[in-house]
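Here are my notes for you, as you asked, in numbered points. Have the structure open while you go through them.

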Amino acid sequence: MDYKNAGVDIEAGYKSVELMKEHVKKTMRPEVLGGLGGFSGAFSLEKIKEMEEPVLLSGTDGCGTKVKLAMIMDKHDTIGIDAVAMCVNDIACAGGEPLFFLDYIACGKNYPEKIAAIVKGVAEGCLQSDAALIGGETAEHPGLMAEDEYDLAGFAVGVCDKKDMITGETLADGDVLIGMASTGVHSNGFSLVRKIFTMDKETLDTYHEELGTTLGEALLAPTRIYVKALRAIKDAGIRVKACSHITGGGFYENVPRMLPEGKHAVIEKNSYPIPPIFTLMAKEGNVEEKMMYNTYNMGLGMVLAVAPEDVDKTMEAIKSAGDKPYVVGKIENGEKGVTLC
């Protein structure tokens, strides 16, 4: 009896590492010390010493049951972008710059080419957010997971000078809400998605005229990463007063998280285009409108607040980073919460 007969192929693990190295190398930053394969990832903090009062920010998350969709479609090279996005967007909306990322892949059986494809997506997410992929773990779980199944999660660390943190403390009546377009469902609410649509290859490969693509491709579209857009706003000299990453819980849970007591957000639903995937989901699943806004981003992956005089410069900065901004509402005095009208 040996480890391979028990279900864990060490040689496959070695091959996975070799195949992923080319993708990992692309994400390296000057601060990374050492190479892939050590017991820990090392990252120099030399540049952080230039800050007055550096604060480390961290985020950890997974892709939820969206990985099930990737398995059915046998497409694994974008799900890693989702894992990175869910972590670095949380860091960015607090005012931080992501520094590095680590991934964790649990699988029933290590298929090196599949693992390398997953890590390729992770590396792409790191490139989009300027974060270094400095380590990770691939764990085979025979007997616990089916051979063709896997789960993916990650952990990111970022930094921010305390004076630049986005806290919501200075929000004022009349401040303007700007939303940044999402790429679709992102990585939340897929348990409901899988109830709305039949999760088989035929259904997912069906082309929908209103989507301009197949259902599967529309649902698997990777989460948008907003790190560079928020950096562009900061570089333009604009102070973002509050920011919310619209993830699980949609608008009703996430927008209030950026508000202090005594401030209320008002968002106009017709102020931006709702992607057709959400209209299709609501129709096919007979999902009421409030539940859609309480579950999904409905086309806005990030919502931020700025002073009225900063709106134009903020819009231009977001556009310069390749994102689509919309003026979607305002801040009012009142009970902490959000109204969609």
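1. To start with: is Asn286 buried or exposed? Asn286 is exposed, at a relative accessible area of 72%; the cut-offs are under 20% for buried, over 50% for exposed and partly exposed in between, with a 1.4 Å probe and protein chains only. Look for Asn286 in the loop between helix 10 and helix 11. Its phi is positive, about 50 degrees, although Asn286 is not a glycine.

2. A word on what you're looking at. This is a predicted model, in which local features need pLDDT of at least 70 and side-chain atom pairs count only at pLDDT 80 or more, while totals for chains, interfaces and linings use all residues. Residues are numbered from 1 along each chain as its sequence is written, and side-chain values use heavy atoms, with hydrogens and water left out. Helices (H or I, at least four residues) and strands (E, at least two) are DSSP runs, numbered from the N terminus.

3. Now the two annotated stretches. An unreviewed UniProt entry gives "domain: PurM-like N-terminal" for residues 55-159. That span is 38% helix and 36% strand, and its end C-alpha atoms lie 6 Å apart. The annotation "domain: PurM-like C-terminal", also from an unreviewed UniProt entry, covers residues 173-337. Here the chain is 34% helix and 22% strand, with the end C-alpha atoms 14 Å apart. Bear in mind that such annotations may be inferred rather than shown by experiment; their positions are in the numbering used here, and feature names are shortened.

4. Helix 12 (residues 311-320) is worth a slow look. Its buried residues are Val311, Thr314, Met315, Ala317 and Ile318. Down the axis of helix 12, these residues fall within an arc of 165 degrees, so they line one face of the helix; the arc is taken from the directions from the helix axis to the C-beta atoms. As background, an α-helix has 3.6 residues a turn, so residues three or four places apart point the same way. Turned away from the buried side of helix 12 is a face that carries the exposed residues Asp312 and Ser320.

5. What do the buried residues of helix 12 pack against? Their partners are strand 7 (176-181), helix 8 (227-235), strand 12 (300-306) and strand 13 (325-333), where contact means heavy atoms within 4.5 Å. After helix 12 comes Gly322, with a positive phi near 90 degrees.

6. On to the rings: there are 4 aromatic pairs in the structure. Rings of Phe, Tyr and Trp (its six-membered ring) pair if their centres lie within 6.5 Å, and planes under 30 degrees apart count as stacked, over 60 as edge-to-face and the rest as tilted. One of the pairs is Phe251 with Tyr293, tilted, at 5.5 Å centre to centre and 55 degrees between the planes. This pair links distant parts of the chain, 42 residues apart: Phe251 is in helix 9 (residues 250-254) and Tyr293 in helix 11 (residues 289-293). Both Phe251 and Tyr293 are buried.

7. Why is the pair of Phe278 and Tyr296 called tilted? Their ring centres are 6.0 Å apart and their planes are at 50 degrees, so the pair gets that name. Phe278 sits in helix 10 (residues 276-285) and Tyr296 in the loop between helix 11 and strand 12, 18 residues apart. Phe278 is buried at a relative accessible area of 1%, and Tyr296 is buried at 1% too.

8. Charges over rings come next. Lys109 lies over the face of Tyr111, 5.9 Å from the ring centre. The charged end of Lys290 sits over the ring of Tyr252, at 5.4 Å from its centre. To count, NZ of Lys or CZ of Arg must be within 6 Å of the ring centre and within 35 degrees of the ring normal.

9. His186, in the loop between strand 7 and helix 5 (190-196), has a positive phi near 60 degrees without being a glycine, and counts as buried at 2% relative accessibility. Gly38 is exposed, with a relative accessible area of 51%, and is found in the loop between strand 1 (32-33) and strand 2 (42-43). Gly38 and Ile134 are 96 residues apart in sequence, yet 9.6 Å apart in space, C-alpha to C-alpha.
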